[in-house]
Amino acid sequence: MPLPDTEKEVQASSEAAEIFVSHFYDALNRHHALLPYYVNSTTRYTIPADISINGAQVATPADYYNLLEAQGAGVHYEVESFDTHVLNPSFQYNAPENIYDANKAEKSGARMSIVVTVMGRVQYGKGKEAPQKMFNETFVLVPNWESLQRNPPRGAKRWLIMSQNFRAL
Amino acid sequence: MAPRGSRSQASAGRETRSSALNSKSTSRGGIHKRRAGSTRIDTDGDLDMGTSATRRPRAGASADSKMSSTRPARGTNSRGVSRAAQTMIKHLNNGENSQLASRITGSANIRAAKSKPISSGPLVYLRVHGLKESKASKNPDGGRADLLAFLERKASAFTSGRQKRHVLIKKSHLVGDYFFIGTSKEDAEELLKVNTFVFAGSPLEIIESDDGLGHNGGKATESKDTQELRAKLQSILSQRYIGGNKLLKLDMLATDTELVSLGMFENRDRALKTFKGLMAICDGLFKTTKDKQDAIESISLANNNIDDVTQVESVATTFPQLKNLDMSGNQISNMQGLGRWKGKFRELETIYMAGNPIESTDPNYQANMLEWFPQLQSINGTQLRTPEQIAEQKAAMFPTPIRQNGPDFRDVNGIGENFLLEFFAAYDNDRHGLASRLYDESSQFSLSIDTTGVRDSKAPPPMPWASYIKTSRNLTKVGSPNARFQRLFKGTNLISELWKSLPFTKHPSIKENMSKYIMDCHPLPGLVDPSGQSSVGVDGLIVCVHGEFEECDQQTQRTGLRSFSRSFVLGPGRPGTVPIRVVSDMLSLRAYNPLPNVFAAANPQPTEQPNQQQAMVAELSKRTGMTAQYSEMCLTQVNWDFEKALAIFNEKKSQLPAEAFIAMPQ
């Protein structure tokens, strides 16, 4: 089992986090569907993502989407800082047998699980007078096994949310 | 694929940052102010402080560097009486003659442009005295044209020794008893020789002006007449000010015998200028905006025959914080007539519009006014909305944040709770011990700072970032692979060493100050099994803590509060060592802001401990198969009586939707 070296870990995890953070908050701001970002979107994972929003456990990504929509129009999330660590360089949970070129995938860091912490601001409404709050959100991202198959589906995300912890502060 | 990808990502991160900066800078509103300034330009093109700032780039385009370099400094001290005086002078003395002045200025500029080779370089300004005493002052233009011709002719005569040159006066401006002229350096030398010449029966005094064209309006150049006039207007104003009511009565100005006797309302133009002058004097009377605001809350402009507020626009710019305004008995006939006040008077609460034609011509005018003036409550003495309604309306304009709940602390065997109790005390007092106890060679730590976070503007300035900035791993800012590698601290030794260099901290006691923390945690599968037995990995815990600590910087000895969020991933320890280890520890720092009180928000009954409630929710969920959310809803309904909750569940079981139940693992 050829694990990625530390430099590879740092590079692959920062890259994964960067892509995830920019796409995920863009999806929030544009009211796009959120399901594709979660492990709930694939049958490969037998457990749903653990979503905790302001201290309330939210059952599904669709429920979280509804919570977001219920806030009303004009909520904007802006990331001001993020950081990431590798949790498990060779994540095995619910892993299929048929990972394409498994050794290479593992060495390049494609099957890591990572933790991503994000700090930023939420603006509730447009304009100068709109109230603003800080937020802090921590995710655990795990490999999307479907994207590691021989012919991955088009546009499949590389990493999916297994754990989400949001707090407006 | 790697380096390229990572770099392009980094630049994308930078872009978002710079766009954030841009949006900030536009929201400052500096530009708006300018625009407001330029709309204040006099209708007849008079030169005054307000307008000269905008006119100058055009008028003085012929390299007027001296003026432009000295101007800003003057601008800053021209707020007070001097500005009022100067505006008064302009309005009262200059009158209709100003058109001539601007004509001369204009034509001189054209000439200057033609004779550019000679006249490059800054203008020199001279102050001429004696025009007022001369016979020419009886001329329709006050003798200016004659004096200009006289000066140019006489000065040109001095150049006859060499090749004869025509001396040009490029700018001129009459201020009080003095006539200011601007000219090139060579011509100024010739013009100074005309000093003591007799012009129309009056000896001239020509000296260099240290005050440009006299725009500064220092008292030195203010004529006696102006001073007297200003004093008179001030006394009129003070008679019209009712201190007890903080009311300035500017009603029926045209019938004020004193003002009329001063000739201030001879014609429409004069009346408009008088009004501006009065506003300028008002403005000059107060040292600070606060003084002004405290002294004058109400103004009456009743019965002034105003048909368009453009005529009295300066009330809005002079008293932006005005609370009450009486406009009754004027001639406003539609909303356009109020157009220049739109977006102004942001704090106006009461207005009287009775006796204006608009009452009959525009049935919707009151609704429009409520829209235009955000704090307006009452029109013509009828309260149309309360401050509470205004606040509600304002809140309704903004989205409603997702509600806060108490801690979502789904602990396993008290591991999370015990860890946190130990962690913060140890981090404050014995970081080295903590690092060697709970961290091992594969534990990771990094910190990231957000220096631009939201902050309460009333809070003290944020603690400096210097102690953290060199090790901050905020990946929106730290782009290079090497720096990202360097700022990730792995293993007890590196972590312990870094912690030693970070400022001292004092976290509130968790037991005594629970409300200063928000802690969420839940189990997490798939961590590395340190024993190497399970290839699928082992379960751990992810813990997210938000709170504050007191910081003391060893170098600066500065202490203060800082807000933090800290995310831990905890896993089982290596066999034979401690039971748990820190897999990952990420510290996020930002300026201090108190936390939202999630306990109050979550808990209508503060007597109940949230932990007990959580336990009840978990128990109910276990017994009924309902999700935690539904279990909590159920318990809240029956006031956290567990038996009742079970009863009500059995009663309504069949009516519950499928989503109320936890999906059974396949």
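Predicted model: local features only at pLDDT ≥ 70, side-chain atom pairs only at ≥ 80, totals over all residues.
A residue is called buried if 20 or more other C-beta atoms lie within 10 Å of its own, exposed if 12 or fewer, and partly exposed in between, with C-beta atoms placed from the backbone.

Residues are numbered from 1 along each chain as its sequence is written, and chains are lettered from A in the order in which they are written.

Now, two residues with positive phi. T196(B) is not a glycine, yet its phi is about 75°. T196(B) sits in the loop between α9 (185-192) and β4 (198-199) of chain B; helices (H or I, at least four residues) and strands (E, at least two) are DSSP runs, numbered from the N terminus. T196(B) counts as exposed because it has 10 C-beta neighbours inside 10 Å.

N54(A), also not a glycine, has a positive phi near 50°. N54(A) lies in the loop between β1 and β2 of chain A. Here the count is 25 C-beta neighbours inside 10 Å, so N54(A) is buried.

Next, the contact between the chains. Residues are in contact if their C-beta atoms, placed from the backbone, lie within 7 Å. Chain A gives 60 residues and chain B gives 70 residues. On the side of chain A that touches chain B, elements supplying at least two residues each include α1 (6-29) and β6 (159-168).

Technical notes. Contact = placed C-beta atoms within 7 Å.
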